[in-house]
Amino acid sequence: MKKILATVLVLTMLFSLAACGGGDKNGNSNDAGTSTSAPSEASSSEDVKPVNVVFYSANTGNAAEKALKVMVEQLETTSNGTLKGVLIDAGTAGYQDEAVQAMMAGDMNVIVNTVDMLENYVPNVGNWMSWPFLFNSDAEAQEVWDKGGWMFQRVQEQAAAEGGIHLFTYIYNGWKNLCFKGDVNGWDAWQGLKCRVPATDLFHTLCGAYGLQTVSGIDPYTSLQNGTVDSVYFSEEAFQTFKLEEIMKSCVITHDTYGSNLYTCSEAFWNSLSPEQQEALNEVVVGIGTEYNDMSRESAEGEYMDSLPGLGINVYQMDDYTKQMMKKATVSFWEQKLQDEAYDQDFRDTFKEVFEKNYADVI
């Protein structure tokens, strides 16, 4: 009887092992990891769904929007099918602030952001990029910011550590200027005029110091067209994006502040990706972003601005008097910022040297 029971037990065990493939649910043997059968269909690479990466820009018609479309097209191939780009049509899902909120909530991933908008989420992290007369030339701005210089690295590190925002690379936005509905040639002529400025305290403060009445949160094109404002404070790239050449009568090339947009995602989303996926996403965003930055800079600073006189628009280079008055109006702004303990001492010491050099003619 014992022999019969033993035989039955052995047969039961063998049957059990055969039924389950002699190993784990994927057909792997429990001894030395050898496989006794092919992996099941459920675990095959073809059935692993790629991670959707949602791209979005709040503005239409610019180089960054075009770049996003190319990123979406190339992402799946570059990532070997582990990432798939999904594009939300530019401008259809809200303004910049709403896009950042959606990015942080995980509803969007890679978005076109602005340095100034970061200030609403990470105080003091990047608005100093738009301090007046921070740079003396295009070459200087490109060296310390556009080419991944120390300024960009500082913003990148702080945005990640303090705001949970991952920065891929910058988006060319260039120098701010003033365009007008009427013919305005400089400081005295624009005193008291209404000006549409980007929606941050920084630009309200600066343009207020320049003698302008500032408003924000309204469409730049229609507000200038219908006379709600007399002027718009924008970059050359933004003039082109919003087609302001159709309605402006004059433009003063102030080049007082330098701005930039950014390709960003949340740190939470970035950290959810594998190292291989991170490498692929970074390659696509930085590579294509850099290509379109060069195109945007060439178009905005060259073809577009050169075309304005031919359209009947008076383009005035900032004269020495206007520059001196603008600098004098913003000395107190710099002095206040350099005493702000929200910035670390090393930062304040570095920027004090910048201030003393660039404002030597008025202090």
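Predicted model: local features only at pLDDT ≥ 70, side-chain atom pairs only at ≥ 80, totals over all residues.
Local features were taken at pLDDT of at least 70 and side-chain atom pairs at pLDDT 80 or more, while totals for chains, interfaces and linings use all residues. Residues are numbered from 1 along each chain as its sequence is written, and side-chain values use heavy atoms, with hydrogens and water left out.

Start with the cysteines. The structure has zero disulfides, a disulfide being a pair of cysteine sulfur atoms within 2.5 Å. For C207, the closest cysteine sulfur sits in C195, 4.8 Å away, which is too far for a bond. C207 is also buried, at 0% relative accessibility (buried is under 20% relative accessible area, exposed over 50%, partly exposed in between, with a 1.4 Å probe and protein chains only). C265 is buried too, with a relative accessible area of 0%.

Next comes the helix pair. Helices α2 (residues 63–78) and α12 (residues 275–307) pack at about 150 degrees, their axes 9 Å apart. Helices here are DSSP runs of H or I with at least four residues, numbered from the N terminus; axes are lines fitted to C-alpha atoms over the stretch in contact, and angles run from 0 to 180 degrees between N-to-C directions. The two are therefore roughly antiparallel (over 145 degrees). Residues making the contact (heavy atoms within 4.5 Å) include V70 and M71 of α2 and I288 and Y292 of α12.

Finally, E65 lies in helix α2 and is buried, at 14% relative accessibility. Leaving aside neighbours within four places in sequence, E65 touches N59, T60 and A90.

Technical notes:
Parallel < 35°, antiparallel > 145°, perpendicular 65-115°, else oblique.
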